[in-house]
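Please keep the sequence and the model in view while reading the points below.

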Amino acid sequence: MVNKKKAFQISRDTSATNKNSQLSARKFSVFYGKNEAVKSVTMDITKGAVTAIIGPSGCGKSTFLRAINRMNDLIPLVSVTGELSIEGTNIYSKNIDVIALRQRVGMVFQKPNPFPKSIFDNVAYGPRLQGIRERKAVLDIVEKSLVRAALWDEVKDRLTENALGLSGGQQQRLCVARALAVDPPILLMDEPTSALDPRSSGRIEDLIDELREKITIIIVTHNMQQAARVSDFTSFFYEGNLIEYSSTRRIFTMPSDKRTEDYITGRFG
Amino acid sequence: MNLAGRKLLDKAFTILGMLSSGFLVIAIIILLTPIFMKGIGAFVFRATIEYRKMELDLFERGDREELEKEIKQAESARSPLFEKLKNFKEGISNFPPAEKKRLSESFHDFEMCLRELLGPFPGESVPELPRNKYGATRWDQALIKLKSVLYKEEYDYTNPSKMGQKIMKPRSKEFAGTSLENLFPYLEQNMEKILQPKFVFYRQFLTDASKDAHFFGGIGPEVIGTIYLTLGAIVFAVPMGILTAIYLTEYSRQNWYTSILRTLISTLSGVPSVVFGLFGLAFFINSIHVSQSKSVIAGSLTLALLILPTIVRSSEEAILAVPKTYREAALSLGASPWKMIVSVLLPAALPGILTGIIISMGRAAGETAPIIFTAAVSLGEAPKLLDIFSQPTPALSWNIYNLATEHQKVDQIRHVQYGMVFSLIMIVLSLNCLAIMLRSRFVKKLKG
């Protein structure tokens, strides 16, 4: 049964010479019922880079992000047109295995959402789903993921404690570790620091910086400075349309569209 | 409204609230205290020598030598009594015929009462029924029976506009001037010697089978039957209820079909329980023949239907209360919906689901009407585990009702009645306490 579904083979070669497009949208639209939330977006996202999506509330940026690992499927009456492909495979074609897709495209949410389980079980959740049962192997993955998420030193002595006992910032890093534990080539972050204090936000940003080049990160953020600090590329969404998309430096220094400039300088949003 | 007025109104509501909750507490205390006091009387009571005889005969408990010693002591206190009776019987022919007729009638009546107190007299043949083999086994019963020995209950109908007035007429007056006259004070003064009461803790009340229609023994079969029926109901209702709740919350879309389904489930919880009982008889027994006639399995299925709505509702609410973010997190890690439900949703919803289950258990244990037609019998042993598919069973709820309505001499076994009610309440109460404990434990665990 698994064989029938198209498996995701995403190459992991992220050497600087191969910075080609990993994810591409072609006239991609998302509808809530009749309401078009993302309007015919066409963009390519570079492998191994950090791409920020900015825009005012309700501009469709979260919808677009959640379309990449098909989390929108959970909402009734959502439909899409156009094409959204990862390494040439349209993820909305009929024979796609959504579960395999989500294992390759990790996600970190707005609010820290660890399971009410132990810290260990939280991180081990993904690997166990993939059938890794051997204790030693799971332990290795958990340690590696927590180290990558810069949380290991803080929690290594209390892995069996409930994850909800951690602070908000720690919880969010735990969620990053949990997402990293399945080793996804692409990581989506939906306003990952909006519920955190500045100090915890800083640690998440450091984390993003460390993950750069190793995996492709797409981050939705309301915080302009954050986008400027962490991202290589920035796209500006407005009322469902992709207004402008180029390197972060260019967007923040000489935006080509009036609306982008207005938004960045804080004239609306 | 001015400030003083608002304050006054506020105070009035506080007082009203306190009053009504206080009223509730008092009502509960008034309701439960006598049940507890008298219910405990089934376990801890002053047992007479007759009780110890009965225990040795029927249950083979107790020390035979010790008992024989006691019997000797009791007999030495009883022998003057029997002596007097014998003398009176022999001397009765000396009275004039009219007097003789009256006296022999009174004497016969008196003897009957005395037999209930002391058991059959020496030299009489041993009666067939265990209830007639022994005198009063409990001290509290002995005192009641002593009263009927000392006094004759009569009704005064002289005033036709009033109901008959009860008069307690001392029997010593009936036998005034005969050799029996001083028997009554002797009996009254030597009750302790004659019956030798001792405190016992009859813990086997919960496990013993009853002997001779609950005159002696305990309520073991009823307790086991209640456990069978309750667990059976849970076994059927819980998987069905949780699966329905999962379907309603996770898989179904909100459309006319699910809203009708929800309405039907709510309606089901409003159906009177006796209707469930009749339905169980008509459907499980008469239509699909789960058993030839009343059986534990038919009763369990009927009770399962009765508690199903509660379990569906509480599970549904518990599942809906699980934050959406847990679902998203699990799915984003590549869990299939089913895997997400089993590994994240159900564990997080477990406290709520468990509470619903345990409260339903209490309900199933206490329900009477659904099992009248489907599972319950008034007497007999609880079936063996393998016979639950064909055999009916006694059960606490039904036997409480049955004793109250159909037992011939219920006034002699009040302690059994109270013991049953007490046991049932304790079962339900402890289930509810368990629910509270489990809930707080799980909530603590989930909160970290």
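In helix H4 of chain A, the buried residues are Ile141(A), Val142(A), Ser145(A), Leu146(A) and Arg148(A). These residues cover an arc of only 155° around the axis, and therefore they lie on the same side of H4(A). The model discussed here is a predicted one. The points that follow treat helices, cores, the contact between the chains, the domains and several single residues.

**Helix H4 of chain A**

- Helix H4 of chain A runs over residues 135-148; its 14 residues should span 20 Å at 1.5 Å a residue, and the 20 Å between its end C-alpha atoms agrees with this.
- Just after H4(A) comes Ala150(A), which adopts a positive phi of about 55°.

**Helix H4 of chain B**

- Helix H4 of chain B, residues 97-118, contains 22 residues. From its first C-alpha to its last it reaches 30 Å, close to the 32 Å expected at 1.5 Å a residue.
- Which residues of H4(B) are buried? They are Phe110(B), Leu114(B), Glu116(B), Leu117(B) and Leu118(B).
- Among the elements of chain B that cover these buried residues are helix H3 (64-91), helix H6 (139-150), helix H7 (171-174) and helix H9 (191-195).
- Gly119(B) follows H4(B) and has a positive phi, near 90°.

**Nonpolar cores**

- The largest nonpolar core has 155 residues, and those with the most contacts inside it are Ala177(A), Leu188(A), Ile219(A), Leu229(B) and Ile307(B).
- Helix H13 of chain B, residues 296-320, gives the most to this core, with 14 residues.
- Domain 1 (48-201) and domain 2 (220-447) of chain B each supply at least three residues to this core.
- A second, separate core has 14 residues, including Ala142(B), Val149(B), Leu180(B) and Ile194(B).
- Not counting residues up to four places away in sequence, Ile307(B) touches Ala233(B), Ala237(B), Ser360(B), Arg363(B) and Ala364(B).

**Contact between the chains**

- How many residues of chain A are in contact with chain B? There are 23 residues of chain A in contact with 17 residues of chain B.
- On the side of chain A that touches chain B, the elements giving two or more residues are helix H2 (98-104), strand S6 (105-108) and H3 of chain A.
- By class, that side of chain A has 13 nonpolar, seven polar and three charged residues.

**Domains of chain B**

- The domain assignment of chain B gives domain 1 (48-201) and domain 2 (220-447).
- The C-alpha centres of these two domains of chain B lie 50 Å apart.

- Asn72(A) is found in the loop between helix H1 (61-68) and strand S4 (78-86) of chain A. Asn72(A) counts as buried because 20 other C-beta atoms lie within 10 Å.
- Leaving aside residues up to four places away in sequence, Asn72(A) touches Val30(A), Thr63(A), Arg66(A), Ala67(A) and Val78(A).
- Although Asn72(A) and Val30(A) are 42 residues apart in sequence, their C-alpha atoms are 9.2 Å apart in space.
- Cys175(A) belongs to helix H6 of chain A. With 29 C-beta neighbours inside 10 Å, Cys175(A) counts as buried.
- Apart from its neighbours within four places in sequence, Cys175(A) is in contact with Val108(A), Phe109(A), Pro112(A), Asn113(A) and Pro114(A).
- Cys175(A) and Asp73(A) are 102 residues apart in sequence and 21 Å apart in space, C-alpha to C-alpha.

**Positive phi in loops**

- Glu87(A) is not a glycine, yet its phi is positive, about 50°. Glu87(A) sits in the loop between S4 and strand S5 (89-90) of chain A.
- Is Glu87(A) buried or partly exposed? Glu87(A) counts as partly exposed because it has 17 C-beta neighbours inside 10 Å.
- His214(B) is likewise not a glycine, and its phi is positive at about 70°. His214(B) lies in the loop between strand S5 (210-211) and strand S6 (216-217) of chain B.
- His214(B) has 26 other C-beta atoms within 10 Å and is therefore buried.

Terms used:
Residues numbered from 1 in each chain as written. Chains lettered and ligands numbered in written order. Predicted model: local features only at pLDDT ≥ 70, side-chain atom pairs only at ≥ 80, totals over all residues. Helix = DSSP H or I, 4+ residues; strand = E, 2+ residues; numbered from the N terminus. Expected span 1.5 Å × (residues − 1). Buried ≥ 20, exposed ≤ 12 C-beta atoms within 10 Å, placed from the backbone. Arc of directions from axis to C-beta. Core = buried A, V, L, I, M, F, W, Y, C linked by C-beta atoms within 7 Å. Domains from an automatic or database assignment. Contact = placed C-beta atoms within 7 Å. Nonpolar A, V, L, I, M, F, W, Y, C, P; charged D, E, K, R; others polar.
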